[in-house]
Amino acid sequence: MKIALMDSGTGLLAAAAAVRRLRPDAELVLSSDPGSMPWGRFTPKEVAARALAVAEAAAAYRPDALIVACNTASVHALPALRARLEPGVPVIGTVPAIKPAAAGGGPVAIWATPATTGSPYQRALIREFAGGVDVTEVPCPGLADAVEHADHAAVDAAVAAAAARTPADVRAVVLGCTHYELVAERIRAAVRGNGAAPLALHGSAGAVAAQALRRIGAAPAPGAPGRGTVTVLLGGREDVLPATALTYDEGMLLQAVSPAH
C-alpha cells in the first residue's frame, strides 16, 4: 500500500502522521514545494498550477491514493487534480472540520489564513454545516509561515494574536489550515488562557487519513508491522525531511523510518 500526500510545505506532516498511525506498514510519498509556500498569496489559477506540479511529482511514484493535505489547494485545485489523476489515483481533499465542531454546539471559532477567512468557500461551509451555531471566523496572519519555518517565537506571537480575537466562551476551535495542526496544543493553551471552558480542537488529519484508506478498500491496522518507507519530494526532487519538520512530533514519527531510494 502506498499513500501520497501533497502540500505547499510541512502542513502535510499531520495527515502523514495520521496515516502512519493507522497503517504503520504503508509506504508514504510526501510531495511539497516549500520554496513557493504559502500558496494563499497566489491567484486560484496559480494555486492550481502549483498543486498540479506537486501532485504529478507524487503520482510518478504510482501511489494508491493522493491526499491533498492543504486547505488552499483543496479549495482552488481539487477539481483540476481529480480531472488529471482520477480514476487511476483517488484524490482526497481536505475540508475544515466545521461539521463535527458545530455538531458539538457553539460557540465555535474557525482559525484560518487571511485568504480563507471570510471567503465564499468557508462561508458556504458555515451555512451548510453550522446553521444556528454561533461561529466566529478568526484570521491568523503569519501563523502558517511561522509553523513552516519552525520560528517558535513567531508561532507564539501569531497564536497569541489570534487567541485575542477569539471569544472567551468558545467551546471548539476548527483548525482551518493543515499547518495549524502541528501547533494544536499551543493553540489550545492560548485559547484556554482566555478563560474558556474545556476546549475541543477539530483538525482534518485523522479524517482524511481514514478516508484515504476507505477509498482504496483498506482497513486501519495500527498494530501492523512498522515497515513502511517514506519518500520525500521537495520541488519534485527526492530529498529528506527538512530540519524544521523534525522540530514537530509528527516529523519525528515519520523520520523514524529510513527514506526510500
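How do β5 and β6 pair, and over how many bridges? They pair in the parallel sense, over five bridges. Here two strands "pair" if DSSP finds at least two bridges between them. The names come from DSSP too: helices are H or I runs of at least four residues, strands are E runs of at least two, and both are numbered from the N terminus.

A quick note before you click on. This is a predicted model, where local features need pLDDT of at least 70 and side-chain atom pairs count only at pLDDT 80 or more, while totals for chains, interfaces and linings use all residues. Residues are numbered from 1 along each chain as its sequence is written, and side-chain values use heavy atoms, with hydrogens and water left out.

**Stop 1**

(Axes are lines fitted to C-alpha atoms, for helices over the stretch in contact, and angles run from 0 to 180 degrees between N-to-C directions.) Together, β5, α5 and β6 make a right-handed β-α-β unit. To check the hand, point the strands away from you: the path from the first strand over the helix to the second runs clockwise in a right-handed crossover.

Next, select β7 (residues 172-175), which runs parallel to β5 (residues 108-112) and is joined to it by four bridges. Look for W111, whose bridge partner in β7 is L175. Zoom out and you'll see an open sheet of four strands in the order β6-β5-β7-β8, with parallel pairing. At its edges are β6 (135-139) and β8 (200-202), each pairing on one side only.

**Stop 2: the six-stranded sheet**

Now find the open sheet with the order β4-β3-β1-β2-β9-β10, which has six strands and mixed pairing. β4 (91-92) and β10 (237-239) stand at the edges with a single partner strand each, so one side of each has no neighbour in the sheet. Inside this sheet, select β1 (residues 2-7) and β3 (residues 65-68), which run parallel and are joined by four bridges. M6 has V68 as its bridge partner in β3.

**Stop 3: α2 and α3**

Two packed helices are described by the angle between their axes and the distance between the axes. Select α2 (residues 44-59) and α3 (residues 71-85): their axes come within 8 Å and cross at roughly 55°. The two are therefore oblique to each other. (Under 35 degrees counts as roughly parallel, over 145 as roughly antiparallel, 65 to 115 as roughly perpendicular, and the rest as oblique.) The crossing of α2 and α3 is right-handed, meaning the near helix is turned clockwise from the far one by less than a right angle.

**Stop 4: α1 and α9**

Move on to α1 (residues 12-22) and α9 (residues 205-215), whose axes also come within 8 Å and cross at roughly 55°. Show the side chains in contact (heavy atoms within 4.5 Å): A14, A15, A18, V19 and L22 of α1, with A205, G206, V208, A209, A210 and L213 of α9.

**Stop 5: α7 and α8**

Last, select α7 (residues 152-164) and α8 (residues 184-192), which pack at an angle of about 40° with axes 9 Å apart. That makes α7 oblique to α8. Among the residues of α7 that meet α8 are H152 and D156, and R186 is one of their counterparts in α8.
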